[in-house]
Amino acid sequence: MTGSQRKARLLAVIVGTLCGLTACTGEPDPPPAATTPTPSASTAASPTWPPPPPTMGTYEEACGGSTYNPRAVRPYNPDGPAYAGGPIHLAEFFVMHPYDSREQGYELPAEWQSQLHPGLYPEQHTQLVVCEYFDDDYSSKKVETCTYDTGTGEKTTAVLRSARFIYRVFEAKTGKQVSSFTLRGSVNSCPAVVYTVTGGTYYQLVLNEEITAKLRPLVMARRPG
């Protein structure tokens with residue numbers, strides 16, 4: 001074997017060895033495929049903010065309508081807390097009649113009101129719903145006549161009548177009635193000023209202290225669960 005033949009054979013061995021390690025196609029090797037990194041916990045999508053509001057019923061559903069119908073009562077706060085545990089059991093108060101004047105309107109004590117609870121969507125903490133209905137079965141009587149000066153030297157009047165009110169208390173989560181009671185009105189609800197030719201008819205309303213006293217054992221009770 002000549003020197004030229006030995007060199008050619010050695011070159012063929014080297015090329016064959018290299019082709020065994022890499023593909024000898026005559027084309028350049030393609031670049032490595034890009035890989036998509038798996039998202040870590042730190043790059044995961046963050047929760048929606050603000051969160052969606054809670055599912056709440058209407059006051060008409062919670063109280064069974066202005067003319068109370070027990071079959072029409074629906075949960076006011078179905079996803080909320082049960083009426084259980086220690087106080088304070090936050091509540092909402094709804095008037096289901098048109099005779100409560102703005103001047104004399106009753107409100108729950110501030111610390112009982114779910115709508116004043118701190119945080120987003122405070123109504124989601126409601127545990128009790130208190131509904132006030134006008135008692136149509138009560139024999140109302142004229143109490144007095146309220147007299148007004150029209151400013152033109154003439155007088156106009158309004159009639160004040162006695163009244164009784166029914167209160168029903170429901171668990172906001174289930175719509176189950178947990179208590180009921182009645183109270184007679186004793187507060188003169190004739191407005192201080194009237195702007196109509198005749199003052200109309202008004203009904204005595206219940207003292208705030210009387211309503212609060214009736215509700216206190218329910219709002220401040222320790223309940224099983």
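In the predicted model, strands β3, β4 and β7 form an open three-stranded sheet in the order β3-β4-β7, with mixed pairing. Strands are DSSP runs of E of at least two residues, numbered from the N terminus, and two of them pair if DSSP finds at least two bridges between them. Because β3 (142–149) and β7 (200–203) each have a single partner strand, they stand at the edges, and one side of each is left without a neighbour in the sheet. Direction ignored, neighbouring strands of this sheet are turned against each other by 30 degrees on average. The pairing of β3 with β4 (residues 155–161) is antiparallel and runs over seven bridges; Y148 stands opposite T156 in β4.

Parallel pairing over five bridges joins β1 and β2, with C131 in β2 as the bridge partner of F94.

The largest pocket has a volume of about 240 Å³. Of its 14 lining residues, S66, T67, Y133, F134 and D136 are the closest to its centre. The elements that contribute two or more residues to this lining are β2 (128–134) and β5 (164–171). By class, the lining comprises seven nonpolar, three polar and four charged residues.

Residues are numbered from 1 along each chain as its sequence is written, and side-chain values use heavy atoms, without hydrogens and water. Local features need pLDDT of at least 70 and side-chain atom pairs count only at pLDDT 80 or more, whereas totals for chains, interfaces and linings use all residues.

Technical notes. On a 1 Å grid over the protein atoms alone, a cavity is a set of points where a 1.4 Å probe fits but cannot get out, and a pocket is an open set with protein on both sides within 12 Å along at least five of seven lines; lining residues have an atom within 4 Å of a point. Grid points are joined across faces, edges and corners, and a volume is the space filled by probe spheres set on the points. Helices (H or I, at least four residues) and strands (E, at least two) are DSSP runs, numbered from the N terminus. Ala, Val, Leu, Ile, Met, Phe, Trp, Tyr, Cys and Pro count as nonpolar, Asp, Glu, Lys and Arg as charged, and the others, Gly among them, as polar. Axes are lines fitted to C-alpha atoms, for helices over the stretch in contact, and angles run from 0 to 180 degrees between N-to-C directions.
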